[in-house]
Amino acid sequence: MTRPRQDDSDYAAAPPARGRRPAGSPAPVRPRRQTNGFVALNIAISILVGGLVLFGFFAPGAAVVAVRLFSSWTTTIIVFALLLGFANLLRVHAGRIRTMQAGWPYSVALVVSALTVLVLGFYGNQTVGDPSVQWVFTNVYQPIGSSLFALLAFFVVSAAFRALRAGPSAAWVLLAVAVLVIVGTAPWSQPGGPLGILAEIKDWLIAYPVLAGLRGIVLGTALGAVATSLRVLLGIDRPYVS
Amino acid sequence: MLIANGLAVLILFVFILAILLLAPRIRQGRQVYFRPLPGFSAAREAIARAAEQGRTTHLSAGPGNVGDTTSGTAETLAGLHLMGRTAQRCAASGTPLLATTGGALAFSLAENVVRGGFAEVGRLSEVPVVGAASSASAPVTLEGRAQGVRMLAHRDPLAYAAAAADLSECEGVSNALLVGAWGPEYLLVGEAQGRAGVQVVAGATDPGALATMLVGADHTLLGEEIFAGGAYLDAHPAHQASLLAQDTVRWLIIVVLIVGVLFATLGGSVDNLLWGVSP
């Protein structure tokens, strides 16, 4: 039984019944994509290259030359794109500084940082493994990243508080299990301790329901990833052409 | 090892065969049923509401990139596909659009899918440009008006999340579709959007991200659901066939698991059978 659609997007809101459409009813008209020669060439190249690389996973000996060749081409193209991107970044932010646009001090910080790392790289071993460049990453970049990551603990509390205030939801289950696991991991909950039963409950939760759920998610995700990759390989999804 | 490789080839073969066999039948009018996913319906409604209000929709393909096995290529591709389909709706309804990515290759693909979405409704000349004047009431941010396609970071999820959070607190953003290779850093964006009252549909495959999304987002697409956007949002026959193929292979794997459990229960060694090693 077919159902009248409210608009072109209403496939999922109230799904139609499974099976063939009724006899006599016209087949839905679906727009077909127009494909010109350039797009067809792009698709053909992507199918060929993707197919060869995929084949290389199953027969490493036979396709190793092709896979290495495509990898080296990719690296070369990426290097030139990186140079272009870096030049463009400097151009855009230099323009902002010159015209004193809103937030121009941030642009100054960006340009100075970029040029500093570049000069350090050229001054030393001219590689990303140069000690001076590594010093910048270890003492400036990584601490900033770690600080930002540490903030997540406070964001978790804030998000949980907001979710709990909104009323009964999965957040309550999440909170209850989180509290149980935290308490069950504490020293007083170790086996033989006063609250040893909590450690056993925590271990059981992690070993059975959590692991089962995780495996379900991983299995579904893997199948979805295979389907998505195959759609790209077969030219059904074409994010590389517009 | 040979059996494991053979199984992988068999799964690929079943996938391709199912897609090639089912897609033409669906195209000819065979109807298929998929369970409703509230996240996709909510995304559609949010875009319609944003169009009425003249406010911006934020589309994110997540902090991942495309091209290697460690950066969440499949999730990013799924996010990019959703971005394209949603951009088409934004173009059709005149909703201002802000699309962000966390990788260089994902950025160029995002530009393509957004342009493709606008081209499908004959509005290629109206593709939003970063910093250009907007017809909507989107406010001016540090980077210009809150519209266009932007690469906020490259292979640095925290930096991407921090930048996306800053953009989300901009008053012009009213709803967001954040689907991709998110990790726990999602909280930075989710909390900022929660404070700004942005309606969020988020999706990821990472369990750490999913836990935070369940707490912070209005709707969450769990794991494999992010790969189903094509079948739900534009009901393309090949995408529907691909989703059916997923279900078919899932049942095959369930059968294999049950047989494996029975085999192991009866005393056989599954490790030895599959990998050629003794436990």
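**Exercise 1.** Determine how many residues of strand β7 (residues 199–204) of chain B are buried, and which of them lie on each side.

*Solution.* Step one is the count: in this predicted model, six of the six residues of β7(B) are buried, where a buried residue has 20 or more other C-beta atoms within 10 Å of its own, with C-beta atoms placed from the backbone. Strands here are DSSP runs of E with at least two residues, and helices are runs of H or I with at least four, numbered from the N terminus. Step two separates the faces: B:Q199, B:V201 and B:G203 are buried on one side, and B:V200, B:A202 and B:A204 are buried on the other. In a regular strand the side chains alternate between the two faces of the sheet.

Residues are numbered from 1 along each chain as its sequence is written, and chains are lettered from A in the order in which they are written. Local features need pLDDT of at least 70, side-chain atom pairs count only at pLDDT 80 or more, and totals for chains, interfaces and linings use all residues.

**Exercise 2.** Work out which strands pair with β7(B), and in which sense.

*Solution.* Pairing requires that DSSP finds at least two bridges between two strands. Strand β6 (residues 173–179) of chain B pairs with β7(B) in the parallel sense over five bridges, with B:A176 opposite B:V200. Four bridges join β7(B) to β8(B), also in parallel, and here B:V201 stands opposite B:H219. The chain crosses from β7(B) to β8(B) through helix α7 (residues 207–216) of chain B in a right-handed β-α-β crossover, meaning that, with the strands pointing away from the viewer, the path from the first strand over the helix to the second runs clockwise.

**Exercise 3.** State how many residues of chain B are in contact with chain A, and classify them.

*Solution.* With contact taken as backbone-placed C-beta atoms within 7 Å, 60 residues of chain B are in contact with 56 residues of chain A. The chain B side has 37 nonpolar, 16 polar and seven charged residues.

Conventions:
Two residues are in contact if their C-beta atoms, placed from the backbone, lie within 7 Å. Ala, Val, Leu, Ile, Met, Phe, Trp, Tyr, Cys and Pro count as nonpolar, Asp, Glu, Lys and Arg as charged, and the others, Gly among them, as polar. A residue is buried if 20 or more other C-beta atoms lie within 10 Å of its own, exposed if 12 or fewer, and partly exposed in between; C-beta atoms are placed from the backbone.
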